[in-house]
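Biologist: I'm new to this one. Could you walk me through how to read it?

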Amino acid sequence: MKLVIQRVKKASVSSGGEIVGSISLGLFILIGVSDTDTSENAKKLAEKVYKMRLMRDEEDKMNKSVSDVDGEFLLVSQFTLYADTAGGNRPSFIHAARPEIARPIYEQFVQTIKDLGGKVEIGAFGNYMEIETIGGGETGRIAIALGVAPHLLQPPPHGDRVDPRRYACHCCI
């Protein structure tokens, strides 16, 4: 899975001219699901995101989690995070999971955040969406790409290598 996380003062997502999700202070997260991801990947990554200290404390340092500041999450599926532009001028999405695979994994991510106590709004899975965000100040537009490769959940068999184009983690290369 790949995520792009932005700390926001306010964010909303519209589909078909209607606002389908809207938050005030919190994290706006684009979620990409690959053809190799599992519900277990989604659960582990959601647990990590829920605990991440990306919100400002009293000293203006990123030292609090969303729950610490009574914030919210806006979670939006985004297959284009798996765009591969290595071969030509048109991006390929061959490594993005097909919708019937991606939806339950995305829903597992959403449900895990909810189960942990997160206040969650979502986009419209598979639909064209318009997104509006207002960043959280000088460092409010933080984008973080996180990848949970299957080898991080279980050690790979000896000699297996991870394709560096598919994962943010290069520890086994």
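Modeller: We'll take salt bridges and then nonpolar cores. This is a predicted model, where local features need pLDDT of at least 70, side-chain atom pairs count only at pLDDT 80 or more, and totals for chains, interfaces and linings use all residues. Residues are numbered from 1 along each chain as its sequence is written, and side-chain values use heavy atoms, with hydrogens and water left out.

Biologist: How many salt bridges does the structure hold?

Modeller: A salt bridge is a side-chain nitrogen of Lys or Arg within 4 Å of a carboxyl oxygen of Asp or Glu. The structure holds five. Among them, Arg 56 pairs with Asp 60 at 2.6 Å, N to O, and Lys 64 pairs with Glu 58 at 2.8 Å. Another joins Lys 44 to Glu 40, with the closest N and O atoms 3.7 Å apart.

Biologist: Is Glu 58 buried or exposed?

Modeller: Buried means under 20% relative accessible area, exposed over 50%, and partly exposed in between (1.4 Å probe, protein chains only). Glu 58 is exposed, at 68%, while Arg 56 is partly exposed, at 28%.

Biologist: Which residues have the most contacts inside the largest nonpolar core?

Modeller: A nonpolar core is a set of buried Ala, Val, Leu, Ile, Met, Phe, Trp, Tyr and Cys residues joined through side-chain atoms within 4.5 Å. The largest one here has 27 residues, and Ile 29, Ile 31, Phe 73, Leu 75 and Phe 109 have the most contacts inside it. A second, separate core has 11 residues, including Ala 11 and Val 76.
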